Amino acid sequence: MLQGVNRKIGLILAILTAGYLYMSYQLPTYPYIPVDADAIPKTLGWLLLVLSIALFFAKDQDTEEQKAKRRIPKKDTLALLGVFLLAFIYITFFQTVGFIIMTALFVYFCSWFLGYKNHIVNAIVSIAFPVALYSIFVYMLQIRLPQGILPF
């Protein structure tokens, strides 16, 4: 029954989607609102469930060429693990240090780790990007982001 990669991934996605849909149906609903906050999660959940079922029943001919494409070189694996570690550090300190500082550090070090060598441009982008996003969210959209150790 579970021969082929498509069937295995389709089954795993269907199980994860069932949990996701269960959690999305636990979101509170509000009366007198035509499109509630739970509309997007439910829609995406049902779409993912349909696509995972389609993936499960899709024909899969596992050739040697496809098996070779699935092999990830050791260098790429280490890069993925490094970015995962940076993202974990970002998530861990996001609330206490704040959005601007953690996002600037994450963008700078992730770009540097992945091979971007122009440090001046990297620093400018790493600072300008989170400041611009923070300004848009906090001042224009009135959505609070963690300020952390910064006074604003």
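Domain bounds here come from an automatic or database domain assignment. On that basis, the protein is divided into domain 1, covering residues 5-70, and domain 2, covering residues 74-140. Welcome to this structure, which is a predicted model. The protein holds 6 helices and 0 strands, and its radius of gyration of 21 Å is well over the 15 Å that the globule rule gives for 152 residues, so the protein is more spread out than a compact globule.

**Overall layout**

- Taken along the principal axes, the C-alpha atoms fill a box of roughly 60 × 55 × 20 Å.
- The centres of domain 1 and domain 2, taken over C-alpha atoms, are separated by 29 Å.
- Among the contacts with a separation of 6 or more, 55% are between residues 24 or more positions apart.

**Surface and charge**

- Of the 152 residues in the protein, 20% are buried.
- The accessible surface comes to about 11500 Å², and carbon and sulfur atoms account for 74% of that surface.
- The protein carries 12 positive and 7 negative side chains, with 6 Å between the centres of the two sets.

- Asn6 sits in helix α1, which runs over residues 5-24.
- With a relative accessibility of 19%, Asn6 counts as buried, because the cut-off for that label is under 20%.
- Leaving out residues up to four places away in sequence, Asn6 touches Leu55, Phe56, Ala58, Lys59 and Asp60.
- Gly45 belongs to helix α2, made up of residues 39-57.
- The relative accessible area of Gly45 is 0%, so Gly45 is buried.
- Once neighbours within four places in sequence are set aside, Gly45 is in contact with Thr17, Tyr20 and Leu21.
- Gly45 and Ser24 are 21 residues apart along the chain, and their C-alpha atoms are separated by 8.0 Å.

- Leu80 is found in helix α4, which spans residues 74-97.
- Leu80 has a relative accessible area of 56%, and it counts as exposed because that label applies over 50%.
- Between the C-alpha atoms of Leu80 and Leu27 there are 33 Å, and the two residues are 53 residues apart along the chain.
- Leu105 has its place in helix α5, covering residues 99-113.
- A relative accessible area of 39% makes Leu105 partly exposed.
- Leu105 and Leu47 are 58 residues apart along the chain, with 35 Å separating their C-alpha atoms.

- His119 is part of helix α6, which takes in residues 119-140.
- His119 is partly exposed, at 37% relative accessibility.
- Not counting residues up to four places away in sequence, His119 touches Tyr108 and Trp112.
- From His119 to Ile143 the sequence separation is 24 residues, and their C-alpha atoms are 31 Å apart in space.
- Gln142 lies in the segment after α6.
- Although Gln142 is not a glycine, it has a positive phi of about 60°.
- Gln142 is exposed, with 60% as its relative accessible area.

**A quick recap**

- The predicted model shows a protein of 6 helices that is divided into two named parts, domain 1 and domain 2.
- For buried examples, turn to Asn6 in helix α1 and Gly45 in helix α2.
- For exposed examples, turn to Leu80 in helix α4 and Gln142 in the segment after α6.
- For partly exposed examples, turn to Leu105 in helix α5 and His119 in helix α6.

Conventions:
Residues are numbered from 1 along each chain as its sequence is written. This is a predicted model: local features need pLDDT of at least 70, side-chain atom pairs count only at pLDDT 80 or more; totals for chains, interfaces and linings use all residues. Side-chain values use heavy atoms; hydrogens and water are left out. Helices (H or I, at least four residues) and strands (E, at least two) are DSSP runs, numbered from the N terminus. The radius of gyration is taken over C-alpha atoms; the globule rule is 2.2 Å times the number of residues to the power 0.38. Buried means under 20% relative accessible area, exposed over 50%, partly exposed in between (1.4 Å probe, protein chains only). Contact means heavy atoms within 4.5 Å. Accessible areas come from the Shrake-Rupley method with a 1.4 Å probe; for residues, only the protein chains shown count as cover. Lys and Arg count as positive and Asp and Glu as negative; His and the chain ends are not counted. The place of a charge is taken as NZ of Lys, CZ of Arg, CG of Asp or CD of Glu.
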